Amino acid sequence: MRLISNETWGVLTVVQEASNQPYEGQVGVAEVIQRRAGTKFMSDGTIVGTVLRPYQFSGWNTQDPNRVRVARMLDDDPVYLQCLAAWRDALGGVSVVPGAVFYYNASIVPTPPTWASTDKLVRIIGAHSFYAA
């Protein structure tokens, strides 16, 4: 049996959520995942428990058509490698969205979620708007 590391779970989630976004946006998504796990915000304190929490990171929802494709992604895929670099930058302390624990893509979710208050907006990068709690 192959065990998947926390890093791999995090990187694959960045692939699903932000591979089509600027590199800085990929770092931002990685930062949100890591911050949630580290503070146990909507998380059990682990990366896998954070990204697999129902309806938090849509790429892992069972109805997402890309879920299986991304889960099968090889670790030498250029997209994976770029998202791995973003993950490691965030892990190393690069902060592009300080304090953010939420984000959403307005091109996919046209009506802002209830938590998307303008006074909590941290930054917009690409199609993602990042928010503090």
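In this predicted model, Phe41 is partly exposed, with a relative accessible area of 25%. That value falls between the limits of 20% for buried and 50% for exposed residues. Phe41 lies in the loop between helix H2 (23-39) and helix H3 (47-51).

A search of the whole structure finds eight aromatic pairs. One of them joins Phe41 to Phe102. The ring centres of Phe41 and Phe102 are 5.4 Å apart, and the planes stand at 80 degrees, so the pair is edge-to-face. An angle over 60 degrees is needed for that label. Phe102 belongs to strand E1, and the contact with Phe41 therefore ties together parts that are 61 residues apart in sequence.

Phe102 itself counts as buried, at 10% relative accessibility. The ring of Phe102 also pairs with Trp115. Here the arrangement is stacked, with 4.5 Å from centre to centre and 15 degrees between the planes. Trp115 sits in the loop between E1 and strand E2 (121-125), so its pair with Phe102 ties together parts 13 residues apart in sequence. Trp115 is partly exposed, with a relative accessible area of 26%. Phe41, Phe102 and Trp115 form one aromatic cluster together with Tyr104 and Tyr131.

Strand E1 spans residues 100-105. The strand is mostly covered: six of its six residues are buried. E1 runs antiparallel to strand E3 (residues 128-132), and five bridges join the two. Within this pairing, Ala100 stands opposite Ala132 in E3.

E1 also contributes to the largest pocket. The volume of this pocket is about 670 Å³. Its lining holds 29 residues, and the closest to the pocket centre are Glu17, Phe57, Ser58, Tyr103 and Val109. The largest share, five residues, comes from E1. By residue class, the lining divides into 15 nonpolar, ten polar and four charged residues.

E1 carries Phe102, the partner of Trp115. E1 is bridged to E3. E1 also supplies five residues to the lining of the largest pocket.

Conventions. Residues numbered from 1 in each chain as written. Predicted model: local features only at pLDDT ≥ 70, side-chain atom pairs only at ≥ 80, totals over all residues. Heavy atoms only, no water. Buried < 20%, exposed > 50% of the residue type's maximum accessible area, 1.4 Å probe, protein only. Helix = DSSP H or I, 4+ residues; strand = E, 2+ residues; numbered from the N terminus. Pairing = 2+ DSSP bridges. Phe/Tyr/Trp six-rings, centres within 6.5 Å; stacked < 30°, edge-to-face > 60°. 1 Å grid on protein atoms, 1.4 Å probe; cavity = no way out; pocket = protein on both sides within 12 Å on 5 of 7 lines; lining within 4 Å. Points joined across faces, edges and corners; volume = space filled by probe spheres on them. Nonpolar A, V, L, I, M, F, W, Y, C, P; charged D, E, K, R; others polar.
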